[in-house]
Amino acid sequence: MALFKPKYITFDCYGTLINFDMAGAAERCFSARIAPESMPGFIADFSRYRMDEVLGAWKPYYDVVSNALQRTCKKWGVQWDKTDSDFIYTDCTTWGPHADVPAGLAKVAEAFPLVLLSNSMRDLLPHHISRLGAPIHMAITAEEVGAYKPQMKGFEYMLEKLDCRPDEILHVSSSLRYDLMTCYDMGIVNTVWVNRGHDFGNPAYGYTEIADIGGLSALVGL
């Protein structure tokens, strides 16, 4: 991507900025029921079912997590209890940022307003915004939008609130499936993939790849 001065830099939050440790939460919850050698498969299915859960009508994120967990347990023949869903959802509130985030965000925040578009809830996201180490101009949740990414509605809502065209923002995410593929389809042409190692890259989607948030400042001339 050539040097670009956006009106706003917009971000996915979980996975991109916050260390999205859903895998760790599942492992901590199910370590006595799932053998260590089977845990990666259990965690992968839990992730896939969460993706499936967000593709339909909006529901609270607790229900996304709980439904996906119940479906995973059914597939694996493992007993589920509501306390399992409670444990994992509560664990979400404890997560902090990736180590590179506070300094990297603070640098770009000196010149650009930062916006979050997150698959989160109004009561969950504030736990994490306070740990990012930089001022956030606007934070938009899936609860506010009434839809989860990768659906387009959240991006449409954000652009309308910011009064921006798709080519006037720079969107940053570590997920192609939740963010960057949708950006491509919507004509959000200035995108950055933070390669956190939890998604497959595909340069055909036209993003610029960086290893961490520290690499973002050079793309916007700082």
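**View 1. Helix α2 gives six residues to the lining of the largest pocket, the most of any element.** The model is predicted, so local features need pLDDT of at least 70 and side-chain atom pairs count only at pLDDT 80 or more, while totals for chains, interfaces and linings use all residues. Residues are numbered from 1 along each chain as its sequence is written, and side-chain values use heavy atoms, with hydrogens and water left out. The largest pocket holds about 990 Å³ of space. Its lining has 34 residues, and Phe20, Ser47, Arg50, Tyr178 and His198 are the closest to the centre. Two or more lining residues come from each of α1 (22-30), α2 (39-53), α3 (61-76) and α9 (176-186). The lining counts 15 nonpolar, 10 polar and nine charged residues.

Terms for this view: on a 1 Å grid over the protein atoms alone, a pocket is an open set of points with protein on both sides within 12 Å along at least five of seven lines, a cavity is a set where a 1.4 Å probe fits but cannot get out, and lining residues have an atom within 4 Å of a point. Grid points are joined across faces, edges and corners, and a volume is the space filled by probe spheres set on the points. Helices (H or I, at least four residues) and strands (E, at least two) are DSSP runs, numbered from the N terminus. Ala, Val, Leu, Ile, Met, Phe, Trp, Tyr, Cys and Pro count as nonpolar, Asp, Glu, Lys and Arg as charged, and the others, Gly among them, as polar.

**View 2. Helix α3 and its buried residues.** This helix of 16 residues reaches 23 Å from its first C-alpha to its last, close to the 22 Å expected at 1.5 Å a residue (the expected span is 1.5 Å times one less than the number of residues). Tyr61, Val64, Val65, Ser66, Ala68, Leu69, Thr72 and Cys73 are buried in α3 (buried means under 20% relative accessible area, exposed over 50%, partly exposed in between, with a 1.4 Å probe and protein chains only). An α-helix has 3.6 residues a turn, so residues three or four places apart point the same way. The buried residues of α3 pack against α1, α2 and α4 (82-92) (contact means heavy atoms within 4.5 Å). Just after α3, glycine 77 has a positive phi of about 65°.

View 3. The structure has 17 salt bridges (a side-chain nitrogen of Lys or Arg within 4 Å of a carboxyl oxygen of Asp or Glu). Aspartate 21 is partly exposed at 24% relative accessibility, and arginine 28 is partly exposed at 42%. Glutamate 168 is buried at 13%, whereas arginine 165 is partly exposed at 48%. Shared partners join Lys7, Arg165, Asp167 and Glu168 into one network of salt bridges.

**View 4. A salt bridge between glutamate 143 and arginine 122.** The N to O distance is 3.4 Å. Glutamate 143 lies in helix α7 (residues 142-145) and arginine 122 in the loop between β2 (114-118) and α6 (126-129), 21 residues apart. Glutamate 143 is partly exposed at 24%. Aspartate 123 is also in the loop between β2 and α6, and is exposed at 53%.
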